[in-house]
Amino acid sequence: MDCGIFIISLDFELNWGVHDVFTLQEYGQHLLGGRKAIGEILSLFQKYDIHATWATVGMLCFDEKETLETHMPMTQPSYENPRFSPYGKLANIGGNEETDPYHFGESIVQQILQVPHQEIGTHTFSHFYCLEKGQTADQFKADLEAALSVPCLNELPIRSLVFPRNQVNPRYLPICEAAGIESYRGNEENWLYEPTSYASRGSWKRVLRLMDCYVNLTGHHTYRMERSNSNEPINLRSSRFLRPYHPMLHVFEPLRLKRINKAIEYAAEKREIYHLWWHPHNFGTNTAENLMVLEEILQHVDKMRQVYGMQSANMAEAAEQIGKLQRNP
């Protein structure tokens, strides 16, 4: 690889990503604030020439309930825990994006598509959990097919996937390959970040992950772009979740920023990949502070571009570069 690669992916979900964790009363302002923050995020991306992937839940890619209902997969997940499924909650959503901005976001998808170098990837159709008990490979296949055929994308090819809750299921990668998916975002290579079901997440692991955001406990999580003998989608592993600003932890903000920027610089110098990700709703509160942190990161990326020739790439572009590497060893 001739230079370092900086990848950004965002998990764009609206309420479909948190319906089983929070009520709208608890989290609605985060979702509305996240919608507003997307325009400012896109402005920063244009300012610093950032290429990014927006891994989008298919169910939000509509502007009205009637159209959504006609595009749902015939086979739906049979989770042992029924609260994981959004389908039983459709009776409670509004009729269109104007009356229910928590569940419909077609206008935002179109806004993203107007900005150069932004890729729409998939976060599955229903925010499908691939490691929860009860769901099956056939159900995942039907869900993915529905995600790839949402009408607002006008048959735009979807090449990148992010597994909801980072529940990477290796058994489902051949299904992704058959559907035309070329890359996915895997987890960091450390036991702290191993994919698990929701119930298996330990509180002590969450504490260590929080500490790892401020102090280097597990390494930079950068990696080289390497050839693969497999035809399965390329694993563009995560390097860091951009944890949202929290007023109670503001004194540690310099450490968080330093942790990220040092890893980006390491990737630039060693000509490796650094993959940063977050959700738009993470910027839904304390928006100004979160945008300020993001701009400082992007300024550092711009410096690495000037000093080391670092490139910004979305997931599809990075996968294409790896594909060229495989074809021309």
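## Tyr172 and Gln135

In this predicted model, the side chains of Tyr172 and Gln135 make a polar contact at 2.7 Å (a pair of N or O atoms within 3.5 Å; within protein, one must be able to donate a hydrogen and the other to accept it, and residues adjacent in sequence count only if both atoms are side-chain atoms). Tyr172 sits in the loop between strand S4 (160–161) and helix H5 (173–178); helices (H or I, at least four residues) and strands (E, at least two) are DSSP runs, numbered from the N terminus.

Tyr172 counts as buried because its relative accessibility is 0% (buried is under 20% relative accessible area, exposed over 50%, partly exposed in between; 1.4 Å probe, protein chains only). Beyond its neighbours within four places in sequence, Tyr172 is in contact with residues including Cys130 and Phe140 (heavy atoms within 4.5 Å).

## Salt bridges

The count is twelve salt bridges (a side-chain nitrogen of Lys or Arg within 4 Å of a carboxyl oxygen of Asp or Glu). One of them joins Arg185 to Asp11, with the closest N and O atoms 2.9 Å apart. This pair links distant parts of the chain, 174 residues apart. Arg185 is buried at 0%, and Asp11 is buried at 3%.

Asp302 and Arg305 form a salt bridge at 2.8 Å, both in helix H8 (residues 287–308) and three residues apart. Arg159, Glu182 and Glu320 are linked in a network of salt bridges.

## Basis

Residues are numbered from 1 along each chain as its sequence is written, and side-chain values use heavy atoms, leaving out hydrogens and water. Local features need pLDDT of at least 70 and side-chain atom pairs count only at pLDDT 80 or more, while totals for chains, interfaces and linings use all residues.
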